[in-house]
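Colleague: Please pick one part of this model and go through it closely. Keep it brisk, and tell me how each term is counted.

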Amino acid sequence: MPDDTPTAASTAAPLGDPADYRKALGCFGTGVTVVTAHHEGVDWGMTCNSFSSVSLNPRLVLWSIRKEASSLQAFTQSGGFTVSVLAGAQADLAMQFAKGAMPERFAGVPTSRQASQRLRLDGAAAWFDCTLHQLVDAGDHHIVIGQVQDFGWHEATPLAFCHSQFGMFQPITA
Ligand SMILES: Cc1cc2nc3c(=O)[nH]c(=O)nc-3n(C[C@H](O)[C@H](O)[C@H](O)COP(=O)(O)O)c2cc1C
């Protein structure tokens, strides 16, 4: 019989130290994106590392947005969003799009306006232009699911984020 006895870690208080919990989550390395929207004539953008692919057929992707984000309405009511996957050389943009007012976050940032009217960041490793497919209420965030309508990519080392630090993906060589 397999031993199903819970380990010490799994029996720890579920509402333990929040800082410790964030450290545990920080062990999961991700890429870094800037998601953009165009709402009532204004461009919106925010740094986001909760991006993930969900379904290949149809092509669905997701990310989550804090319910208190100032851009919540833009992302939930404008009908879509564009995800720019940041390249390693764009770490400064990850910080620029995590603070400050809109639309000044775009100041000095090379962008291209798409047929959807949403901006994408030039030089991004990849981009996905999406229509809003579904919103899921999830605690202090909403999960935003989009259907990919257009995408592109080019050879570039993507930016990585782990343990609250930015870095570059390094393949393991045999
Ligand atoms: C690396 C990184 C990843 C982030 N990922 C997310 C995310 O997935 N969802 C989110 O709501 N906020 C995320 N944030 C925080 C937002 O970028 C930040 O709170 C937001 O831009 C602040 O804008 P606001 O004025 O709309 O609240 C992230 C920040 C950083 C630096």
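Modeller: Strand E6 (residues 80–85) pairs with strand E9 (residues 126–138) in the antiparallel sense, over six bridges. Strands are DSSP runs of E, at least two residues long; helices are runs of H or I, at least four; both are numbered from the N terminus. Two strands pair if DSSP finds at least two bridges between them. The model is predicted: local features need pLDDT of at least 70, side-chain atom pairs count only at pLDDT 80 or more, and totals for chains, interfaces and linings use all residues. Residues are numbered from 1 along each chain as its sequence is written.

Take Trp127 of E9. Opposite Trp127 stands Ser84. Trp127 also stands opposite Gly152 in E10. E9 and strand E10 (residues 141–153) are joined by 12 bridges, again antiparallel. Asp129 belongs to this pairing too: its bridge partner in E10 is Asp150. E9 and E10 form a hairpin with two residues between the strands. There, Gly139 takes a positive phi near 65 degrees.

Now the wider sheet. Seven strands line up as E3-E2-E6-E9-E10-E5-E4. The sheet is open, and its pairing is antiparallel.

Next, the packing. Val83 touches Thr33, Val35, Phe51, Val61, Trp127 and Phe128, leaving out residues up to four places away in sequence. Contact needs C-beta atoms within 7 Å, placed from the backbone. Val83 also belongs to the largest nonpolar core, which has 29 residues. Val83, Val34, Val35, Phe81, Leu86 and Ala124 touch the most other members. A nonpolar core joins buried Ala, Val, Leu, Ile, Met, Phe, Trp, Tyr and Cys residues through C-beta atoms within 7 Å. Buried means 20 or more other C-beta atoms within 10 Å of the residue's own. Strand E2 (33–39), E3, E5, helix H2 (72–77), E6, E9 and E11 each supply at least two residues of this core.

The shell around the ligand holds 16 residues, of which Met46, Ser50, Arg66, Ala69 and Ser70 come nearest. A residue counts as near if its C-beta atom lies within 6 Å. Strand E3 (42–48) and strand E5 (60–66) are the elements that give two or more residues. E5 has the largest share, with four. By class, the shell has nine nonpolar, six polar and one charged residues. Charged means Asp, Glu, Lys or Arg; nonpolar means Ala, Val, Leu, Ile, Met, Phe, Trp, Tyr, Cys or Pro; the others, Gly among them, are polar.

Elsewhere there is an open sheet of three strands, E1-E11-E12, with antiparallel pairing. Strand E1 (30–31) and strand E12 (165–168) are its edges, each with a single partner strand, so one side of each has no neighbour in the sheet. Strand E11 (residues 159–162) and E12 run antiparallel over four bridges. Cys162 has Gln165 of E12 as its bridge partner.

For context, the protein has three helices and 12 strands. Buried residues make up 26% of its 174 residues. Of the contacts with a separation of 6 or more, 66% join residues 24 or more positions apart.

Definitions and conventions: A residue is buried if 20 or more other C-beta atoms lie within 10 Å of its own, exposed if 12 or fewer, and partly exposed in between; C-beta atoms are placed from the backbone. Two residues are in contact if their C-beta atoms, placed from the backbone, lie within 7 Å.
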